[in-house]
Each structure stands twice: as structure tokens, then as C-alpha cells.
Amino acid sequence: MTNPSFPATSRHAAVKLAPGVVRRSAEFLGKAAGTVIGCAILAGLILAGLFAPLPFDPVAPDPMSILQAPSATHIMGTDGSGFDVFSRVIDSAQRDIPLALGGVLVSILIGVPLGLLAGGRARWTEGLMRAVEVFQAFPLIVLAIVIVKVSGNRPENVILALAIVNVPRFIRLVRGEVLSIRESRFVEAAAATGCSPARVTFRHILPNVPGIILVQSSLAAANGMIVVATLNFIGLGADPPTAAWGAMIQDGSQYIPQGAWWVAVFPGLAIFVTVIAFNLIADNIEKILRVGRR
Amino acid sequence: MRSTLTYALKRLLLVPFMLFLIATLSFLLLALIPGDPAVLIVGEFADQETLARVRADLGLDRPFWEQYLTYLAAVAQADLGQSYLTGTPVMEEIGQRLPNSLVIIIPSLLMAVVVGTVVGTAGGYFRRGPVGKVTSVLISAAQGVPPFFLAIVLIYLLVFTIRMFPVPTGMLYSSMRPPPEVTGVVPLDALLAGQWSVLGAITAHAILPVIATGLFLASYFAKTVRTSVTQAMATPQVEFARACGLPERQVVRYALLTARTSVLTYTAVLFGVMLSATAVVEVVFSWPGIGAWALDGVLKGDLPIIQGFIVVTGGLVIIAYVVLDVLVAALDPRIRH
């Protein structure tokens, strides 16, 4: 309808297009909603951990109420030392989730430039990929554990450990994407018009990579959450009595034979919800990208 | 066939080199770790003389590059040193514990492959329908449950609530006498002695850890299969197969044929992940496997154990990758050239 010289055609087209446009926008909103919900869950958890008034002090045990089942006072029960499980589950969020995110951020900062370089045509890129392969053959989770064990229970060490686990996959992913984009017509055209290799890489290839990086970051964060929980579970990454989901599960596992399931189950559910939120974000961004590409 | 052989040879020639890299990396990494092994062995209150003697015994007083060369020479002869704390040769311990871990790793890998392939294929084929939605929810949910957490939930429900499985205290019932020692590997010894009750006990104890690790890995596997099946369903050859009027079952079979390369690749990757991923589950079930042992070594700072574990699992993974690459090349002519 912007073109006044063909009023009939454009009106016709508009009428025909309308249902499609409506359906597509609805679809897009549906997918965007998944991403928004995922982000809202994560933000809600972190903000609740930071600012919400907790019913009990997460690091002050009440020796008078040990191992109580969920009730109106302690909605998730209390653990063997008399800590309120609900307060500790909420309090952990602001430490555990940012750790997973921080790990991903560092992995991107290291992995993406290396992946771009490895997507080049130079001879040595093959060598770099072999090195990445050897590195991936390493039991990375054990490596992460060694790092945190040796360098101490500080957040930056956990983030470093996560980065080591995740960097190889960002390198491989970005390289794969760069190699496939390199084959496309517009890159060929850019090279034919005399663009330098650097210009081709940064102006024509790089802008096409972020989508897949976004999807992968969300997946890596989900995986990072599990790694953080694993570290905490074996007693690394958080000094007691600081609350951390993995450590709470470990602590709760000793009360399982007595039937006190709540100490371990609620922090486990918190991990579950967080990972689902990250996955929701990844899946929906992927769908939005697929629509965009079509 | 010839090109496959050349390719296989090329890859095989790289193996020693990669093993060398792994050994070097693990040496460097652990050499950078602060702390004095001598103190770990004789304790903090030992006098200087004893400490110096222990250091000399370990070769820690020699220059760095000499230690490195000694280490490489030893690894080349399959000597991974002795545990600082117990004095047992690392290689011997690995030989006894690795098979125990495989009792869990191989069935859960199989479970991951079977469940993952079925769920992933269904999810990829019916991507737009309700089946696709359900599978995608299932996959997301399974990814959100860390294996050690699933293990604890299973123990609570199936061991302590309905008492269907034995209490998770290792491979055998506490009242059971281990089979006569021949190889030192309990499942193998039981087999040699023909003690079926022992084998039965091992199986009963292994089911829950297998489910706990298998389900988590199946979710990742399903995701990979779903992606490759979705891609395969969009290829011209599937369109052609349909145009030829082939039944849908046949079409799916061809789509899976295209997808099998990435599926195989992922199986090898998973094998690598599992070697260390089972560690925590082994701890939860007190399973006498290599992962739980390595984890204990890490937490106690027992360097030879950590180094030995890294070298052996890294080596196994590299061999798995090479076998896989050759297999993929044999199946897919595009790779060979």
C-alpha cells in the first residue's frame, strides 16, 4: 500500500497476505514468549535470591527444628542442621546461576575468536583443530574439578573451570559455521569484488554467526549449571555453610535412608527449573532463527 | 576400499603423537599444581631430612625437564607410577577398576543410543505434530536432571520406599563373599568361577546407576539424532524416495542412513564424556569404579592417580575417536576424499 501507482494490486495483495501475516506474527510471538518466559524464570530466581525477604536466615541454623518435614512454617522443611531449606534454595540462585552464565561468557570470549581464526584457510588451522581434539579427549570434568580443588573455592575459579569445559565446543561450532558460510554465494561475491580476507571475515561472515552462538550459549549455560552442581556436590566451589544447590543435594543424600527426601529434592528441582529455562531460551531462539532464514 | 585403508593408516599414525600430547599435557598441568607431594606422604610434622629423602625417592629434586623425560619414558612402558598415599601401582588399580566402570558405562551407553535414537527419530520425523512437542518436552526435562540427583531420587523411591533394589553399597550384597581372586576383576572372577549368584548381584546393583547415567546421556543423544533426522528429512534424496512412491518406513530408513554419521560421531563423544561423567554416580552408589577412585585421588591431591586417570581415559577416548573416524570414512565416501 506504500506504492500509490498500483492501488488495486497492493490492496489485493494486502488482503491475501493478512491471514499469513497474522499467523506468522502469532507464531513469532509464541516463540518469543518461550524465550521471554525462560528469561523471566532465570531473572526471577536471581532477583529473588538477591532481594526477596527470606523467611529464615539461610546461614543461621535453628537447632530446635532439625529435619522437619515441609510445613506451613518451613515450606520445604529443614535439614539435619536445622537450616530452612526454602531460604537456602532461594539464596543459592544468585550465586549458582550467575556462575553458569559467567562460565559461558568467558567461553564465548575465548572460543569465538579462535573459532573465527580456525575457519580461515591457513594451513595451521588444521593443527589447531587437532589440538582441540586432543583437548576434548581429556576428561574435562575431572580437569575442572582439579582446577577448583587446586586453586580454591572462589567464583572466578569455577568460571575458569566452566570455560575450559566449554571453549572447545565453541571453537568447533563457530569454525563449522564459518566454513559453511564461506561456501555461500555472497562470500564468493564479496571476495570477487576485491574485499580483503579480513574484511570478508569480519564484515560478511561474522554478522551471520551470532544466532548459532546465542543458541549454543544457552545450551552451554544449561550444561554449565549441571557442572556447577556437580562441583558443589563433591564439596567444591562453595564453602559451607554458604548455600549451593549441589552441596544441598549432597548433604540431603545422607537423610534419604531415613525417608527425609525434602532436603535433597527441592534443590534438585531448582536445578531442574533452571536448566529447563535455559533450554527453553535456546529452543525458541533456534526456532525464531529458522523462521528468519526461510 | 583402498582409500579407506589409506585414511585409516593416516589416522593410526597420528595416535602415538596424540598420546604423547596427552601425556605431556597431563604432566605439565599437574606439575603446575602447588603443594609438596613429600608432605602429603610423610605428613606435615616430618623433619627436613625425611622430607628431603622422600623427595629424592620421587625424583622431585631433579631438574624439571629430567622429571618430564623420566615420566614420558615410564608412560611409554605403561608404568604410571604409584599412589602417593597407598603405594599401589596406578596401572594395577586401573586394570582392576576400569572393568567395573565398564559394567555401568557400556549398558548406559547402549541405553542412551537405543532410547536416544528412537526418541530422536520420532521427534525429527513428527517435528510439527504432537509427538514432536512431547519428545521435545521429554528431552528438555531429561537434560535438567543431573545424573547424581536422579540417582538419589531413584534410591529414595526404589530402594528405601518400595525396596525393589538392593541398598547401594557397591557391587555385591554385604553378606556375600567375593569370588576367588584370579584376575582381581570381580565380575570376571565370578564368571570364571561360574558363580551366577554373584553375577546376579552385580546386575541387580548395576541397574540403578545405569539408568541414572543412561537417561541423562540419552537426552543429549536424542537431541543430536533429532537434529540430524530433521535435516535428513529435508534433503532432495528423501524427496526423491517419496516421489518414487516408497513406503514411509523405507523413507525413514534412508533418512536414518544419512543421519548415521553424526549419530556415530556422537556415540564416540558420549563414550568420552561417560568415562568421567560416571564418577559422581559411582560415588553415590559406592561403586568400585575408576571414576570414583580418580575423584577420591583428586580430592586428596594424589598426583599419580590423577595423571594416570587422565592419561588412560584420554588414551581410550583418542582410540575411540580414531576407530570412529575410520568407521565413518568406510561408511561415507565423502569423508575419505
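A residue is called buried if 20 or more other C-beta atoms lie within 10 Å of its own, exposed if 12 or fewer do, and partly exposed in between, with C-beta atoms placed from the backbone. The model is predicted, so local features need pLDDT of at least 70 and side-chain atom pairs count only at pLDDT 80 or more, while totals for chains, interfaces and linings use all residues. Residues are numbered from 1 along each chain as its sequence is written, and chains are lettered from A and ligands numbered from 1 in the order in which they are written.

**View 1. L219(A) in helix α8 of chain A.** Helices here are DSSP runs of H or I with at least four residues, strands are E runs of at least two, and both are numbered from the N terminus. L219(A) counts as buried because it has 23 C-beta neighbours inside 10 Å. W261(A) is 42 residues away along the chain, and its C-alpha atom is 29 Å from that of L219(A).

**View 2. Chain A as a whole, with 10 helices and zero strands.** Of its 294 residues, 44% count as buried. The C-alpha atoms of chain A fill a box of roughly 80 × 55 × 30 Å along the principal axes.

**View 3. The crossing of α2(A) and α5(A), which is right-handed.** That word applies if the near helix is turned clockwise from the far one by less than a right angle, and left-handed applies if anticlockwise. Helix α2 (residues 85–118) and helix α5 (residues 155–182) of chain A have axes that come within 6 Å and cross at roughly 35°. Axes are lines fitted to C-alpha atoms over the stretch in contact, and angles run from 0 to 180 degrees between N-to-C directions. The contact of α2(A) with α5(A) comprises 20 nonpolar, six polar and one charged residue. Ala, Val, Leu, Ile, Met, Phe, Trp, Tyr, Cys and Pro count as nonpolar, Asp, Glu, Lys and Arg as charged, and the others, Gly among them, as polar.

**View 4. The side of chain A that touches chain B, where 32 residues of chain A are in contact with 36 of chain B.** Two residues are in contact if their C-beta atoms, placed from the backbone, lie within 7 Å. The largest share of this side of chain A, nine residues, comes from α10(A). The residues on this side are 24 nonpolar, five polar and three charged.

**View 5. Contacts of I152(B).** Leaving aside neighbours within four places in sequence, I152(B) is in contact with I249(A), S253(A), I256(A), A264(A) and V284(B).
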